[in-house]
Amino acid sequence: MTWTKSSTAWPSRRGKAPSRRPCNSGRGDHVTVRKVLANAAILLAGGVDPDAADVGLGERFNPRLDASLLLAKTLGLARHRLLASLSDQVTAADATVFDALLSRRLAGESVAYILGSREFYGRPFLVDHRVLVPRPETELLVALALGFLDSFAAHYGGPLRCHDACTGSGCVGLTIACQRPGLSVSLSDLSAGALAVAAANIRALQADGELLGAVDCLESDLLAAVPGTYCLITANPPYVDSTTTDVIFSGGSVEPRLALDGGADGLRLYGDLAAQAYQRLVAGGALLVEIGEEQGAAVAALFRQAGFRDVGVKQDLADQDRVVIGYKHEAD
Ligand SMILES: C[S@@+](CC[C@H](N)C(=O)[O-])C[C@H]1O[C@@H](n2cnc3c(N)ncnc32)[C@H](O)[C@@H]1O
């Protein structure tokens with residue numbers, strides 16, 4: 001299957017990256033931002049012009065974008081300011097710093113890990129090797145959750161509580177909390193390391209004034225240790241089958257295996273998650289989960305087995321099945 005959680009993995013051609021110094025600057029010659037970017041993009045593309053039509057780098061791999069993000073970080077500029085500074089000179093000191101970042105990218109590390117941050121739903125989220133790098137397609141899960149919360153709030157008299165399981169960096173639950181101040185949000189994950197990253201994101205978003213309320217984080221196998229009842233439960237569990245996970249790791253991925261490996265068929269956690277969520281939802285509440293594009297029918301069946309009604313499979317912008325939603329009926 002085409003797998004989207006591998007989007008930051010380095011293409012196999014990286015092994016052929018040229019060995020010369022990445023940026024070729026800082027030798028007393030005058031090297032511009034434009035030249036440094038062009039050289040770096042070619043290096044990242046394995047020594048070929050990244051704009052050539054037949055390079056075949058894959059839809060997610062963008063050497064020019066990677067180079068500009070790393071150089072913007074080096075120069076302490078926003079990316080749009082970098083692109084307005086193409087004729088400026090790059091100093092020898094900055095070239096050395098940039099070379100170090102570029103070398104890490106050439107060795108296969110994702111840009112998000114090198115920068116320590118990835119934008120999700122318009123906000124920066126801290127990331128490191130303890131968490132999955134947030135993917136753009138996961139924004140659909142957030143958008144659908146917000147839509148559900150708005151319609152639910154219109155007729156619900158109780159406190160609005162939302163829980164995000166398998167939270168990783170916290171990008172899903174914390175975005176919901178930022179978008180809907182006043183909502184009570186909690187997060188959980190099996191990984192203590194991931195929860196430390198989520199806690200750092202809570203502090204950063206609070207410091208930026210994006211997150212107004214407190215958010216609880218707790219260690220839990222799915223929802224086993226999660227107390228209370230909720231209007232909404234979200235989760236983006238690991239859903240890559242183990243064989244594909246092995247292939248991804250042999251290709252150089254350094255994301256946590258716990259964040260990717262969903263067992264033999266990728267569906268290992270969905271049945272237990274649906275059963276546990278059903279027990280914790282108030283009447284009319286909903287469970288929303290992200291899925292792999294070939295898992296819609298299977299996950300929907302697991303939702304129905306757990307008691308969910310009106311189960312639906314939603315498509316992402318690429319028209320791929322991406323989210324399953326189920327409701328706990330009023331009468332249940
Ligand atoms: C695909 S990542 C999703 C991270 C984040 N929610 C996102 O969308 O970017 C899956 C997360 O589930 C966590 N996880 C794996 N097995 C789990 C389990 N049995 N119970 C709770 N969390 C688990 C992993 O540690 C990882 O952080």
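I begin at the ligand, where one of its nitrogen atoms is 2.9 Å from an N or O atom in the side chain of aspartate 221. This is a polar contact, that is, a pair of N or O atoms within 3.5 Å; within protein, one must be able to donate a hydrogen and the other to accept it, and residues adjacent in sequence count only if both atoms are side-chain atoms. Taken alone, the ligand exposes 590 Å², and the protein buries 98% of that; such areas come from the Shrake-Rupley method with a 1.4 Å probe, and for residues only the protein chains shown count as cover.

A word on the source: this is a predicted model, in which local features need pLDDT of at least 70 and side-chain atom pairs count only at pLDDT 80 or more, while totals for chains, interfaces and linings use all residues. Residues are numbered from 1 along each chain as its sequence is written, and side-chain values use heavy atoms, with hydrogens and water left out.

Of the 332 residues, 49% are buried, meaning under 20% relative accessible area with a 1.4 Å probe, protein chains only.

What forms the largest nonpolar core? A nonpolar core is a set of buried Ala, Val, Leu, Ile, Met, Phe, Trp, Tyr and Cys residues joined through side-chain atoms within 4.5 Å. The largest has 32 residues, of which Leu174, Ile176, Leu211, Val215 and Leu232 touch the most other members. Helix α6 (139–153) is among the elements supplying at least two residues, and α6 gives the most, with eight. A second, separate core of 25 residues includes Leu273, Val289, Ile291 and Phe303.

Finally, consider helix α11 (residues 270–280), whose buried residues are Tyr270, Leu273, Ala274, Ala277, Tyr278 and Arg280. Why do they lie on the same side of α11? They do so because they cover an arc of only 160° around the axis, taken from the directions from the helix axis to the C-beta atoms. These residues pack against β6, β7 and α12 (296–306), with contact meaning heavy atoms within 4.5 Å.

Note on methods:
Buried means under 20% relative accessible area, exposed over 50%, partly exposed in between (1.4 Å probe, protein chains only). Helices (H or I, at least four residues) and strands (E, at least two) are DSSP runs, numbered from the N terminus.
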